[in-house]
Every structure is written in C-alpha cells, then in structure tokens.
Amino acid sequence: MKAAVFHSPGNITCDTVEDPKILDDHDIILKVTSTAICGSDLHIYSGGIPQAKPMIMGHEFMGIVEETGKNITHLKAGDRVVVPFPIACGSCFFCQHDLPTACEHSNPDFYGPEGGIFKEKGGALFGYTDLYGGYSGGQAQYVRVPYAHFGPRKVPENLTDEQVLFLTDIFPTGYSGVMWGELKGGETVAVFGAGPVGSMAAKSAVLHNASKVIVIDTLQYRLDKIKKLTGCETILWEDAESTIEQIRDMTDGRGTDLCIEAVGFEPERSFIDKAKAVLNFEKGSIKVLEACMSAVRRGGIVSVLGVYPVNYDNFRLGQIFDKGITIKAGQCNVHPIIDRLMNYVETDRITLDDIITHRLPLDAVDKGYQIFDKKEDGCVKVVLDPWK
Ligand code: NAD
Ligand code: ZN
Ligand code: ZN
C-alpha cells in the first residue's frame, strides 16, 4: 500500500510499504478514505519530537472497515467510521475515568524522561513516534486500529468525510479548551493561534455563547479567515507586550476570563539542515504561553492545547500563584466527548470543513507538509486522499 513515511526531520515521503495485518482480536483494519495533516505532525516533521526509525505518520483519519478481529462485534466490513487519535483500551483505570490519553495498556513501556520527576506510564497515539507507542498512523491507504471496540465511531450516511474528519482530533481538542474554561455564556475568551486548533477553539467559544472571542496570530491571512468564519475580533501579534495591552483594552483592563494556547512549542528550526535538535526556549511560542498567563484575568483559566515537550519546565509559578490562575493542559481525551460533538455536526450547530484550504493526493504528501509547515499559499488545513 501507499503511506506517508517519516524518515528524518523535513523528510516525509509517500512510499510503498507492507499492508497492515490484524495482530489482536480487538483490531480492525481500516481502508482510509480521508486523512489530514495536523500541527502536531509538524512537531515530528521539525524534529522537536524526535523519532529514530522510519514511521507511518498520521492520527487524523477515517474510512471504511475492511476486516475485523474476532472480538469486534459492533463493527463489520463496510461500516464507515471516524477514529479518535488516542489509542486506548477502554477498560483500565484511566480509560474508566475518561482519560484515554493516559491509557495504561496501549503504551506500557513509556516512562518519562531520564532523571525527570515523571515516572509514569503514558498513553499512545497513532503515528506519533516511539514515545507514544510506536503505532503506525493513518496517512496511508490502510491502517490497523487497535482496541477497535472502544475508539471508532460510525458516521451517519448523510455526512461527508470532510464534514466529520475533524472529530478525530482538532474539533474535540478546540472544544476541550473551551470546556476546561467552564463557560456559562457571556465570558471573554482569547485564543492564541489561528491555525486549525485555534480555529476550532474559536468556533467552540462561539458555540458556548462567549460574549467576546479574540483570536491572535502572527499571520494576517489566518486571522482574516477565522474572522470571516466566526465574527471574532482579531489581533495581529507583533510582540507580547502590545498583544497583552490590546487584550486588556478590550476587556475593561482586566484580561480575559479564559485564554486558550493553540500555538505549541516552537523549536529552533535550523537543525532541520543540521539534522540535530536544539531546543531553544527563547524562540517562538514559549512567549505565547507566558502571554496567556499575563492576558488572563485574576482567577481566570488558561487552557494549553499547544503541544510542549515533556522536558519543558519553564514555568511562571509566581505569577500563576499571585493571580490565582487555573491551568488545564494536555492531549485531548476525545473518546468521552466525540459522540456529543458528532451530534453538533449532525444538527448543524457547527461546521468543521470550512477551514480546509488544500486537498491533495497522498502521493503529494511531501508538498502537503511543506505548505502547511511554511504556511504557504494561504494554507490552513490540508486533507489527503490516499486513493487519488
Ligand atoms: P498550526 O501550526 O497550523 O497553528 C499554529 C498557529 O500559531 C499558526 O497559525 C501560527 O502562525 C500561530 N502562531 C505562531 N506564533 C504565534 C504567536 N506568537 N502568537 C500567536 N500565534 C502564533 O497548528 P495547529 O494544527 O493549529 O496546532 C496548534 C498546536 O496544537 C500544535 O502545537 C499542535 O501540536 C497542538 N495540538 C494539540 C492537540 C491536543 O490534543 N492538545 C491536538 C492537536 C493539535
Ligand atoms: Zn492532530
Ligand atoms: Zn486503557
């Protein structure tokens, strides 16, 4: 089959590889009909999250069930499903507590970084490096889906792939950022990042009746797009100070009730050429995380959706304590909310596919990564078709 294979930072190509096989009675094999490139994939592409061996990329995918393991009873060949991006067993302590990203069974070997204080087992993700379980991803013609009794959700026939594809990750993720903010209606929300995740967070804030949604980005074209889609207010980030000042001006000098970080860790990029990762905390979005702490009001909530490496520990604890800020962070626990969100799509309460700017065949995956990474050609979200 064809698949998008990561070889080294900056080098992802469409290769011919072996078809996946059922390895466990709870597996299915899915014929992938649509798959997307995520900002999280860019952390691997940039080398920020390292991967030594070649690996099939992709955790945002959907398709048609091709084959089922012996213990899969609720799905049959021909069913059309979307698949949450965390791989989780459904029965361990964490899965039972609505925390599938911390599943104890899907990634039993993972422990935190050497010498660190974390010695925890961690969860697994599709196509997201050996650290997250070493599973093959779904930017491919076929993918093995483990624990298929727990993850995949059938899709109503009247909905197209593009209408539901983002239920795999970015809609639940953006939605979680707002859900963590405990909005009751009437709150002010600042969303840092107008990429796919920030766009979904802004849409979710509108869905939750926020009185003011302010989206911040360094790219004017992305701000223009999300403003058109949601009617939000926008700030073009030039530096942290002026951004924070503008947010205060727009919120009676207090800061917003909720700040959502949807940018993520940005490493020094020069290593793509040098093939060696240098984590430079002065660069990029560390400043955004700090800006969130400044732009949120006293007693407010900061939702951190952007991905930070496990060894990042540069925290403004003094300010967090003084302002009494609540921080919620992490990979999105998709399973407990996906059915509710599917219903929102089905009943037209939200539209997801209007952020797609590029549709490419899987063969052109290298181009897809390049334009999404470099933010070229007005790119917001790239969807790949494995069969074109
Ligand atoms: P993206 O790269 O398209 O979006 C990031 C956006 O941040 C871009 O529009 C960029 O211009 C903007 N940005 C950069 N510097 C900025 C600054 N100083 N101020 C404001 N905006 C700035 O990626 P995405 O797909 O939207 O993903 C965003 C983050 O969310 C990534 O870190 C990704 O890994 C993470 N993510 C997390 C989860 C989760 O489960 N928590 C799920 C999906 C993605
Ligand atoms: Zn993703
Ligand atoms: Zn589990």
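Predicted model: local features only at pLDDT ≥ 70, side-chain atom pairs only at ≥ 80, totals over all residues.
I'll start with the helices. Two packed helices are described by the angle between their axes and the distance between the axes. Here the pair is H4, residues 170-180, and H5, residues 196-207. Their axes lie 7 Å apart, and the packing angle is about 55 degrees. Angles from 65 to 115 degrees would count as roughly perpendicular and those under 35 as roughly parallel, so H4 is oblique to H5. The crossing of H4 past H5 is right-handed.

Now the residues in that contact. From H4 we have Ile170, Phe171, Thr173, Gly174, Tyr175, Gly177 and Val178. Facing them from H5 are Pro196, Val197, Met200, Ala201, Lys203, Ser204 and Ala205. By class, nine of the contact residues are nonpolar, four are polar and one is charged.

Next, ligand 1. How many residues surround ligand 1? The number is 32, and the closest are Gly39, Ser40, Gly195, Gly264 and Cys332. Sorted by class, the shell holds 16 nonpolar, twelve polar and four charged residues.

Which elements supply that shell? H4 and H5 come up again, each with at least two residues. Helix H1 (39-45), strand E12 (212-217) and helix H9 (286-295) also give at least two each. The largest share is from H1, with four residues.

Last, the domains. Domain 1 covers 2-169 + 334-385, and domain 2 covers 170-329. Each of the two contributes at least three residues to the shell around ligand 1.

Key. Residues numbered from 1 in each chain as written. Chains lettered and ligands numbered in written order. Axes fitted to C-alpha atoms, helices over the stretch in contact; angles between N-to-C directions. Parallel < 35°, antiparallel > 145°, perpendicular 65-115°, else oblique. Left-handed = near helix turned anticlockwise from the far one by under 90°. Contact = placed C-beta atoms within 7 Å. Nonpolar A, V, L, I, M, F, W, Y, C, P; charged D, E, K, R; others polar. Near = placed C-beta within 6 Å. Domains from an automatic or database assignment.
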